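The following briefing concerns secondary-structure elements and their pairing in one model. Please consult the sequence and the structure below before reading on.

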Amino acid sequence: MRTAEIRQSYLDFFEERGHRIMPSFPLIPHSDPTLLLVGAGMVPFKPYFLGTAKPEHRRVTTCQRCIRTPDIERVGITARHATFFEMLGNFSFGDYFKQEAIPWAWEFVTGTLGLPAGDLWITIYLDDDEAFEIWNRKVGVPAERIVRLGKPDNFWEIGVGPCGPCSEIHLDRGPGRGCGRPDCGVACECDRFLEIWNLVFIQFNQDEAGNYHPLASKGIDTGMGLERTAAVIQGKENIFEIDVTRPIIDLIARVAGIEYGAETGADTSLRVIADHLRGVTFMVSDGILPGNEGRGYILRRLLRRAVRHARLLGIEKPFLASTAAEVARRMREPYPDVEQRLEHVTRVISLEEEKFLETLDQGTRLLEGVLGRLRRAGRDTVAGADIFQLYDTYGFPLELTREMVAEAGLKLDEDGFKEQMEAQRHRARKARATTGYHDMELTSLLESLQGITCRFTGYESLSQRSLIKALISGGRRVEQAGEAAEVDIVLEETPFYAESGGQVGDCGVIRGPNGEAKVTGTTSPGEGLIFHRAVISGNLSQGDEVDAVVDGERRLAVARHHSATHLLHRALKEVMGSHANQAGSLVAPDRLRFDFTHYTAPSRDEMEQVERLVNKQILENLPVSVSITSYEEAVDSGAMALFGEKYGDEVRVVRMGDYSTELCGGTHIGSTGEIGLLKVIGETGIGAGIRRLEAVAGQEAYRLTVQREQLLRSLAESLKVTTTELPARIEGLITGMRGLEKENDRLRQRLIGVSIGEMVAGAQPIDGTDSKLVAAEVDAPDMDSLRAAGDQVRGRIRSGVIVLGSRCGESVSLVALVTDDLVAGGLHAGEIIRQAAKAVEGYGGGKPHLAQAGGKNPSGLPEALRMVGGIVRTALKQR
């Protein structure tokens with residue numbers, strides 16, 4: 001069976017048993033800050049297992065694309081490890097349980113796939129007698145082929161919350177693929193026993209004390225590795241030789257001019273490149289871009305490891321982008337969107353690959369410099385800080401550093417490197433944003449709110465008569481709250497929009513019989529729940545009838561900015577290209593921020609064109625309409641769905657005339673004319689391939705326009721011209737200033753020329769030789785002028801050492817020059833400048849003939865210059 005046939009057979013099998021087939025979700029987890037990437041089929045359904053959302057379908061089956069990197073060092077070496085893989089899964093959310101899930105698993109594996117029952121082994125949790133009985137008595141697996149394992153192998157838990165035992169199906173591939181140890185079994189790490197199916201029985205809830213309580217609503221989470229299964233069915237030695245992966249390996253081998261299977265080391269590199277390229281292609285297609293943190297760093301790491309292994313194969317030029325087309329072609333049947341986004345994918349890969357090839361060359365030179373200094377100093381270990389700088393700042397792979405250092409006969413301080421890495425992780429953990437309640441606290445709180453929901457009425461009205469269903473203070477439910485208490489309020493119905501999709505939550509007031517609450521923000525911690533973060537005046541109690549009133553002026557300002565983002569998105573695609581996809585947004589009452597994918601900084605003309613297009617649609621006063629339809633119908637009609645967003649069967653479609661159609665749950669104005677005006681106020685890059693545009697609309701745009709007009713009038717009055725004459729007047733002032741600067745430079749050069757003559761005349765002989773030493777301070781505005789002065793001095797003396805320094809504010813610059821004869825005699829300008837720079841609290845280096853340095857202590861310049869004579873004499877004695 002082809003891999004595609006296995007995939008479809010699985011989905012069909014469970015569809016016949018009442019499951020809803022759902023498409024693979026993007027690799028970016030939706031609304032889950034605890035995860036960087038989707039690494040298992042159950043991840044998109046985590047809210048259903050945690051109880052924070054209600055499923056539309058209680059039986060679901062998927063084939064989910066996944067990225068997982070803990071075993072990255074084993075990829076290409078073992079037969080089964082990969083960073084990118086597809087996970088087949090069937091899920092039950094409070095519907096069927098073990099009695100159905102276990103027999104279905106066996107039926108599919110032995111019936112549909114035709115695997116021999118005699119080659120299959122079962123693992124269960126230590127005391128899961130129920131699973132044992134079903135496997136043994138109902139399915140008929142012999143007791144001796146059912147192995148009980150402990151928590152590390154057969155129990156799934158994530159701390160406080162739902163958890164349960166696991167049961168796995170393992171295929172015995174024969175002693176020939178094993179380790180040969182007498183105790184080799186299903187728990188062995190060798191390649192003999194291959195896990196192909198994992199059933200997780202979600203049947204307990206773990207409390208904060210670590211106690212397990214049976215769940216009233218139990219669940220099933222199944223995972224079956226598609227590539228592993230395909231390798232077995234297709235009779236391949238490993239997952240890299242199946243029909244969707246082997247052609248990619250063969251293509252890479254042709255580029256390298258080698259043959260797969262000829263040499264073990266080369267085969268490992270081919271498998272690593274193929275695996276990582278599959279992951280990179282899908283990650284970029286799903287909207288992830290290379291970066292230095294989070295999922296962007298994982299993407300960059302995979303791509304750079306692929307480039308590194310390509311170098312080991314002798315591939316020097318960029319090739320990954322072109323090879324990504326083969327990945328897209330092989331995966332077009334289940335994932336047509338990857339091929340549709342191929343232009344964007346190849347552009348991102350190409351830019352990153354070319355940049356890293358430059359990094360490799362730069363890193364190699366830097367490392368060679370480090371190794372050279374170590375040898376001269378008589379040391380044999382590269383410091384952890386140096387390794388980390390190469391790795392973190394320059395992206396130089398640790399394994400390449402390790403290789404080059406070993407070739408030089410030196411050692412690495414890997415413990416020091418690990419300390420630096422841990423310090424970086426600590427900084428990243430501290431910087432990670434947190435909102436509201438942490439996972440464990442939220443899970444416990446949501447349990448106390450079971451059965452409570454809040455209906456949003458804010459599309460139709462800004463006020464609502466409602467009932468307080470719950471009050472939360474300090475993370476716990478309370479019956480009432482008094483003066484100045486900070487609380488979260490849950491209402492039966494609310495007009496307050498909860499923060500979502502980049503749009504900030506509403507503010508306003510909730511008035512009760514004995515007090516009121518000033519609402520400062522609105523969030524949704526789980527499906528069907530809305531929290532109103534508020535400060536109380538007076539007293540509010542659970543059960544109070546209240547009037548919930550949204551700040552209408554603020555809501556309107558937010559709506560103007562939100563509708564403007566839709567127009568911006570379409571305008572950016574028209575001007576920059578169809579690849580300009582939304583990569584994040586903020587919609588607030590006073591501004592909007594729109595992140596989009598693009599490879600270079602837009603020109604001023606392009607930004608003006610975007611702004612002009614948006615304002616054209618505003619002036620045309622296009623009607624804004626909202627409709628509810630199915631996701632398929634919406635996308636077929638041309639509606640834009642955003643990367644990383646999670647959509648249900650029914651979606652809300654916002655149309656602005658024939659210009660813009662997007663899936664959106666936010667609040668909008670009735671026609672584009674209500675936006676009034678849009679002004680772009682800034683554009684910048686925030687990461688590789690991501691640009692950020694900031695703008696204001698409505699009243700804020702008018703206010704900005706007035707401020708700019710007032711500024712122009714003020715400048716015109718100061719210069720005693722009209723506003724229309726202002727550009728010419730400023731240009732005249734700039735021209736005059738440039739003339740003065742040139743005259744100033746001319747005079748400075750004359751002064752430097754005079755001082756050069758004095759320096760040459762006062763040059764000191766070096767230890768009675770004909771060579772001269774010049775060490776002096778000059779008035780040079782920058783490093784270029786300082787080097788030019790040094791060149792002039794060197795031209796006036798036949799043989800010698802010149803060190804010049806200049807001050808500029810709180811910094812100091814130094815330059816050192818050595819004539820050819822003294823370089824041949826062993827003097828090195830870089831070593832001279834490096835020692836002298838210590839006196840100005842600086843550092844530097846360079847070539848034997850020319851070196852430069854910078855420092856932050858100008859008061860140390862006289863001492864630095866005084867030291868030069870001693871440094872030179874010492875160096876000459878050591879020749």
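Strands β13 and β14 (residues 476-478) run antiparallel and are joined by three bridges; two strands count as paired if DSSP finds at least two bridges between them. Helices (H or I, at least four residues) and strands (E, at least two) are DSSP runs, numbered from the N terminus. The model is predicted, so local features need pLDDT of at least 70 and side-chain atom pairs count only at pLDDT 80 or more, whereas totals for chains, interfaces and linings use all residues. Residues are numbered from 1 along each chain as its sequence is written, and side-chain values use heavy atoms, with hydrogens and water left out.

**Strand β13 and its partners**

- Opposite Ile472 stands Arg477 in β14.
- Two residues lie between the strands in the hairpin of β13 and β14, where Gly474 takes a positive phi near 65°.
- Strand β16 (residues 486-491) is antiparallel to β13 and is joined to it by four bridges; here Ile468 stands opposite Leu491.
- Strand β22 (residues 545-550) is also antiparallel to β13 (residues 463-473), with five bridges between them; Val546 in β22 is the bridge partner of Ser466.

- An open sheet with antiparallel pairing is formed by four strands in the order β23-β24-β29-β28.
- The edges are held by β23 (582-587) and β28 (678-687), each of which has a single partner strand, so one side of each is left without a neighbour in the sheet.
- From one strand to the next, the twist averages 15° (axes are lines fitted to C-alpha atoms, for helices over the stretch in contact, and angles run from 0 to 180 degrees between N-to-C directions).
- Eight bridges join β28 to the antiparallel strand β29 (residues 690-697), and Val680 stands opposite Ala695 in β29.
- Helix α17 (residues 552-576) lies across β23, β24 (592-597), β28 and β29, and runs at about 20° to β24 (contact means heavy atoms within 4.5 Å).

**Helix α22**

- The 14 residues of α22 (residues 783-796) reach 20 Å from the first C-alpha to the last, close to the 20 Å expected at 1.5 Å a residue (1.5 Å times one less than the number of residues).
- Met783, Ser785, Leu786, Ala789, Gly790 and Val793 of α22 are buried (under 20% relative accessible area, with a 1.4 Å probe and protein chains only).
- These residues lie on the same side of α22 because they cover an arc of only 160° around the axis, taken from the directions from the helix axis to the C-beta atoms.
- On the other side of α22, Asp784 and Gly795 are exposed (over 50%).
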